Amino acid sequence: MALSKKILVAVDESENSRNALLYVGDFLGGFPGFRVILLSVISVPEVDFFDSEDARKEWINEKHSRYSELLERYRKILIQSGFPEPDVLTELILTKDRPVSAVILEKQQQYDACTLVVGRRGVSRHEEFLFGSVSNKLIHMATRCAVWVIEPVCKSSL
(Lines give C-alpha, C1' and ligand atoms only; values in the text may rest on other atoms or scores of the structure.)
Protein backbone atom coordinates (compact mmCIF):
# COMPACT_ATOMS: atom_id res chain seq x y z
CA MET A 1 0.00 0.00 0.00
CA ALA A 2 1.46 3.35 -1.07
CA LEU A 3 1.52 6.12 1.50
CA SER A 4 -0.38 9.30 0.63
CA LYS A 5 1.95 12.20 -0.08
CA LYS A 6 -0.64 14.90 0.57
CA ILE A 7 0.29 17.59 3.07
CA LEU A 8 -2.45 19.79 4.55
CA VAL A 9 -1.06 23.11 5.79
CA ALA A 10 -3.52 25.13 7.88
CA VAL A 11 -2.62 28.82 7.61
CA ASP A 12 -3.82 32.11 8.96
CA GLU A 13 -2.38 35.62 9.11
CA SER A 14 0.08 34.91 11.94
CA GLU A 15 3.85 34.94 11.61
CA ASN A 16 3.98 31.39 13.03
CA SER A 17 1.67 30.22 10.28
CA ARG A 18 3.98 31.77 7.70
CA ASN A 19 6.92 30.02 9.37
CA ALA A 20 5.09 26.68 9.04
CA LEU A 21 4.53 27.32 5.34
CA LEU A 22 8.20 28.25 4.80
CA TYR A 23 9.27 25.12 6.68
CA VAL A 24 7.21 22.92 4.36
CA GLY A 25 8.66 24.71 1.33
CA ASP A 26 12.25 24.35 2.58
CA PHE A 27 11.81 20.77 3.77
CA LEU A 28 9.81 19.22 0.91
CA GLY A 29 10.03 21.65 -2.02
CA GLY A 30 11.56 20.00 -5.06
CA PHE A 31 10.87 16.43 -3.92
CA PRO A 32 8.62 14.69 -6.45
CA GLY A 33 5.17 13.36 -5.69
CA PHE A 34 4.06 15.69 -2.90
CA ARG A 35 0.79 17.59 -3.09
CA VAL A 36 0.09 20.47 -0.71
CA ILE A 37 -3.32 21.75 0.27
CA LEU A 38 -3.27 25.21 1.86
CA LEU A 39 -6.30 25.61 4.09
CA SER A 40 -7.57 28.72 5.84
CA VAL A 41 -10.56 28.66 8.14
CA ILE A 42 -12.27 31.90 9.08
CA SER A 43 -14.37 31.71 12.21
CA VAL A 44 -17.25 34.16 11.83
CA PRO A 45 -18.41 35.71 15.13
CA GLU A 46 -22.01 35.45 16.28
CA VAL A 47 -24.53 37.81 14.69
CA ASP A 48 -24.84 39.97 17.83
CA PHE A 49 -21.10 40.76 17.59
CA PHE A 50 -21.98 43.15 14.73
CA ASP A 51 -23.97 46.40 14.80
CA SER A 52 -25.92 45.43 11.69
CA GLU A 53 -26.25 42.79 9.00
CA ASP A 54 -24.39 45.13 6.63
CA ALA A 55 -21.49 45.35 9.10
CA ARG A 56 -21.43 41.55 9.30
CA LYS A 57 -21.36 41.18 5.52
CA GLU A 58 -18.64 43.81 5.23
CA TRP A 59 -16.53 41.99 7.85
CA ILE A 60 -16.96 38.66 6.05
CA ASN A 61 -16.13 40.17 2.64
CA GLU A 62 -13.04 41.91 3.99
CA LYS A 63 -11.77 38.73 5.71
CA HIS A 64 -12.53 36.62 2.64
CA SER A 65 -10.60 39.03 0.42
CA ARG A 66 -7.59 39.20 2.76
CA TYR A 67 -7.41 35.43 3.19
CA SER A 68 -7.84 34.77 -0.54
CA GLU A 69 -4.85 37.05 -1.20
CA LEU A 70 -2.89 35.34 1.59
CA LEU A 71 -3.57 31.88 0.15
CA GLU A 72 -2.48 32.98 -3.32
CA ARG A 73 0.70 34.55 -1.93
CA TYR A 74 1.48 31.36 0.03
CA ARG A 75 0.70 29.24 -3.02
CA LYS A 76 3.29 31.19 -5.03
CA ILE A 77 5.88 30.73 -2.27
CA LEU A 78 5.45 26.94 -2.41
CA ILE A 79 5.66 26.91 -6.20
CA GLN A 80 8.90 28.94 -5.99
CA SER A 81 10.13 26.37 -3.43
CA GLY A 82 9.86 23.63 -6.03
CA PHE A 83 6.33 22.26 -5.80
CA PRO A 84 4.72 21.85 -9.24
CA GLU A 85 1.94 24.40 -9.77
CA PRO A 86 -0.84 21.78 -10.18
CA ASP A 87 0.20 20.18 -6.87
CA VAL A 88 -0.46 23.25 -4.71
CA LEU A 89 -4.16 23.65 -3.95
CA THR A 90 -5.95 26.21 -1.79
CA GLU A 91 -9.20 26.17 0.12
CA LEU A 92 -10.87 28.87 2.20
CA ILE A 93 -13.70 27.97 4.56
CA LEU A 94 -16.01 30.22 6.55
CA THR A 95 -17.48 28.66 9.67
CA LYS A 96 -19.73 30.13 12.30
CA ASP A 97 -20.67 27.28 14.57
CA ARG A 98 -17.82 24.77 14.40
CA PRO A 99 -14.41 24.90 16.02
CA VAL A 100 -11.55 25.65 13.64
CA SER A 101 -9.80 22.45 14.75
CA ALA A 102 -12.85 20.35 13.78
CA VAL A 103 -12.92 21.89 10.30
CA ILE A 104 -9.19 21.26 9.82
CA LEU A 105 -9.53 17.62 10.91
CA GLU A 106 -12.51 17.11 8.61
CA LYS A 107 -10.51 18.46 5.66
CA GLN A 108 -7.51 16.30 6.59
CA GLN A 109 -9.75 13.24 6.37
CA GLN A 110 -11.45 14.45 3.18
CA TYR A 111 -8.13 14.99 1.39
CA ASP A 112 -6.60 11.85 2.95
CA ALA A 113 -3.57 13.94 3.92
CA CYS A 114 -0.78 11.96 5.55
CA THR A 115 0.58 15.04 7.29
CA LEU A 116 -1.11 18.03 8.91
CA VAL A 117 1.05 21.13 9.43
CA VAL A 118 0.25 24.14 11.62
CA GLY A 119 2.20 26.95 13.20
CA ARG A 120 2.10 27.25 16.95
CA ARG A 121 0.16 30.38 17.83
CA GLY A 122 2.02 30.95 21.07
CA VAL A 123 -1.01 31.55 23.28
CA SER A 124 -0.36 31.93 26.99
CA ARG A 125 -1.23 29.11 29.41
CA HIS A 126 -4.14 31.21 30.65
CA GLU A 127 -5.50 31.80 27.13
CA GLU A 128 -5.07 28.12 26.29
CA PHE A 129 -6.99 27.14 29.43
CA LEU A 130 -9.83 29.54 28.63
CA PHE A 131 -10.07 29.16 24.86
CA GLY A 132 -8.10 26.05 23.97
CA SER A 133 -5.36 25.75 21.42
CA VAL A 134 -6.00 24.68 17.84
CA SER A 135 -2.60 23.00 17.59
CA ASN A 136 -3.12 21.19 20.91
CA LYS A 137 -6.53 19.91 19.79
CA LEU A 138 -5.09 18.74 16.47
CA ILE A 139 -2.29 16.84 18.20
CA HIS A 140 -4.76 15.02 20.45
CA MET A 141 -7.59 14.44 17.99
CA ALA A 142 -5.90 13.74 14.64
CA THR A 143 -5.96 10.15 13.43
CA ARG A 144 -4.26 8.42 10.52
CA CYS A 145 -1.78 11.26 9.98
CA ALA A 146 1.32 12.91 11.37
CA VAL A 147 0.91 16.36 12.91
CA TRP A 148 3.72 18.89 12.59
CA VAL A 149 3.45 21.90 14.90
CA ILE A 150 6.09 24.36 13.77
CA GLU A 151 7.62 26.54 16.47
CA PRO A 152 9.24 29.86 15.63
CA VAL A 153 12.87 29.34 14.74
CA CYS A 154 15.33 31.09 17.01
CA LYS A 155 17.90 33.09 15.11
CA SER A 156 21.48 32.44 16.16
CA SER A 157 23.57 35.41 17.19
CA LEU A 158 26.70 33.84 15.67
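**Helix packing and the parallel sheet**

In the predicted model, Val100, Ser101, Ile104 and Leu105 of helix 3 meet Val134, Lys137, Leu138 and Met141 of helix 5. By class, this contact has 6 nonpolar, 1 polar and 1 charged residues. Helix 3 spans residues 100-111 and helix 5 spans residues 134-141. Their axes lie 9 Å apart and pack at an angle of about 45°. The two helices are therefore oblique to each other. The crossing of helix 3 and helix 5 is right-handed.

An open sheet of 5 strands is also present, with parallel pairing and the order 3-2-1-4-5. Strand 3 (88-95) and strand 5 (146-150) stand at the edges. Each has a single partner strand, so one side of each is left without a neighbour in the sheet. On average, neighbouring strands of this sheet are turned by 20° against each other, direction ignored.

Within the sheet, strand 1 (residues 6-10) runs parallel to strand 2 (residues 35-43). The two are joined by 5 bridges. Ala10 has Leu39 in strand 2 as its bridge partner. Helix 2 (residues 53-80) lies across strand 2 and strand 3. Helix 2 runs at about 160° to strand 2.

Strand 4 covers residues 115-119 and includes Thr115. Thr115 counts as buried because its relative accessibility is 7%, below the 20% cut-off. Leaving aside neighbours within four places in sequence, Thr115 is in contact with Lys6, Ile7, Leu8, Cys145, Ala146 and Trp148.

Definitions and conventions
Residues are numbered from 1 along each chain as its sequence is written. This is a predicted model: local features need pLDDT of at least 70, side-chain atom pairs count only at pLDDT 80 or more; totals for chains, interfaces and linings use all residues. Side-chain values use heavy atoms; hydrogens and water are left out. Helices (H or I, at least four residues) and strands (E, at least two) are DSSP runs, numbered from the N terminus. Buried means under 20% relative accessible area, exposed over 50%, partly exposed in between (1.4 Å probe, protein chains only). Contact means heavy atoms within 4.5 Å. Axes are lines fitted to C-alpha atoms, for helices over the stretch in contact, and angles run from 0 to 180 degrees between N-to-C directions. Angles under 35 degrees count as roughly parallel, over 145 as roughly antiparallel, 65 to 115 as roughly perpendicular and the rest as oblique. A crossing is left-handed if the near helix is turned anticlockwise from the far one by less than a right angle, and right-handed if clockwise. Ala, Val, Leu, Ile, Met, Phe, Trp, Tyr, Cys and Pro count as nonpolar, Asp, Glu, Lys and Arg as charged, and the others, Gly among them, as polar. Two strands pair if DSSP finds at least two bridges between them.
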